[in-house]
Amino acid sequence: MAGAILEARNLSVRFGVGRLTIAAVEDFSFALQAGESLGLVGESGSGKSTVLRAVTGLNKPAGGTILLDGTPLAMPRGLAFYSAVQMVFQDPYASLHPRHTVDQILAEPLAIHRVADPQPRILAALDEVGLGPSYRFRYPHQLSGGQRQRIAIARALILRPRIVLLDEPTSALDASVQAEILNLLEQLRRDLGLSYMLVSHDLAVVAHLCERLIVMRGGRMVETTTAAALRDGSVTEDYTRAMLAASKGFARAPAGTSLSP
Amino acid sequence: MKPSLLEVEDLHVRFPLAQGMLEAVRGVSFTLGHERLGIVGESGSGKSQTGRAILGLTAKPGIVTAKRLAFDGIDLMEAPPRLRRSLRGSRMTMVMQDPSYSLNPVMTVGQQIVEAYRAHKRVSQAEAREAARAMLDAVKISQPDRVMALYPHEVSGGMGQRVMIAMMLITGPDLLIADEPTSALDVTVRIEVLRILDQLVAERGMGLILISHDLEMVASFCDRILVMYAGRIVEELSSGNLDQAQHPYTRGLMGCVPKLSGDRHPLPVLTRDPDWAR
């Protein structure tokens, strides 16, 4: 497909050996277009995070190819890859080094990529995510969950990537903080022309941020659909429909709809 | 007149810290009958500490004070620790958030349920096992015998939470406090667990306090909702009248969640007024 900046073909990831092998992702393909925001939805264990980890090179694929701008990626990924693709992890309490200040956290990617004169970049990165220069010399424990996630986003954006992989970026946050982070992600995407790949179990969050989404289950693709189809309920697969019904909340007097697989 | 199941008046929970006194709960009052009450708030609002204080599970060095804290007419503030211990687990119980942290990892599921039952009832091992099997059946676990022999790491999140519910309900309590019982679960499993809770609460005529951060979920489940902010109850709502919420915090909380039904960009954000915490 022309224009796909990030693409996976027949990707599979397995964990364990012999009898204990688990196929976390099996024969999974996707194509991310430039400027697009693609969602991966599924329940825990569906392999959605593993897909992102395989793209970044954190999990070694057992089969299939991953292509950036049409070029297959090699293991280990080089500096060029990481300056184009960055990732934001789920838990901002676990993904920041507890004994590094914000300044050290943001300086590290710049040092690795040998960026000259990192100081203005750090200040600009803080400003981008809505934090003032006063946050620069704080430690993660001096920040709230939302502020930490802003730092994690700043760290991902400081190298000016084109693609940002978001692994449940708001699920550890309170609802009001989630709204702030979602707005920030939207605004950054618009301002910097980013492409997102968003993993979430929350259909409403994915529909809010993404135009197109892939529903996963047991490591395989169930359905490719659009946010608009989610909103008007015109999804084709029963599993997606069950997830949609479940996300609407609890309804007394069960209408005989079985949600179990 | 029969006293209400639970009376809470002017409950305070304080934690003395090096930086001064942290007031986690500041003057919470409510009464609970045989109904489903939801307590909603964000992290740090004191909702879990309220639940823990009722059971007497406040972590040290927390200090609990209240004008009145009574369960079925028993004054809990005056009750000796022995009495509170015997009430806890038999007549008032709590389901915790994450089954993988709150079950004992080195005991099988069956042993743990049997232990919970025999701590309060003078019954033989065999009778307790039979009761545990019946209880697992009641929480819709299809092969109770197989599941009873499993260790907590061998069961899924949804099944673990059902095991927790079974363990907490086996003694036939009058009051169940469920602290974020479904937050660690997937959406489809979440509904199933709620349905089981709903059915058991209705069948047994228990009082239920459901503590959660998810206003929509609580509204669809409970009869009455208390919204907490900074250690206080800012608003009380009946679940049908969610749209009539008056307090700006409640309205803000409802507005800032992305919904499938409406596409709004950017999302409205909650602007916090320092007055709310006063």
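Arg224(B) stands opposite Ser238(B), a residue in strand 11 of chain B. This is a predicted model, in which local features need pLDDT of at least 70 and side-chain atom pairs count only at pLDDT 80 or more, while totals for chains, interfaces and linings use all residues. Residues are numbered from 1 along each chain as its sequence is written, and chains are lettered from A in the order in which they are written.

Strand 10 (residues 224-229) and strand 11 of chain B pair in the antiparallel sense over 6 bridges; two strands pair if DSSP finds at least two bridges between them, and strands (E, at least two residues) and helices (H or I, at least four) are DSSP runs numbered from the N terminus. Both strands belong to an open sheet of 6 strands in chain B, with the order 7-8-9-3-10-11 and mixed pairing. Strand 7 (92-95) and strand 11 (232-238) of chain B each have a single partner strand, so one side of each is left without a neighbour in the sheet.

Where chains A and B meet, 29 residues from chain A and 29 residues from chain B take part in the contact, which requires C-beta atoms, placed from the backbone, within 7 Å. The helices of chain A that each supply at least two residues of the side touching chain B are listed here.

| Helix of chain A | Residues |
|---|---|
| Helix 6 | 175-192 |
| Helix 7 | 203-209 |
| Helix 8 | 227-232 |
| Helix 9 | 238-247 |

The largest share of this side of chain A, 7 residues, comes from helix 6 of chain A.

Notes:
Contact = placed C-beta atoms within 7 Å.
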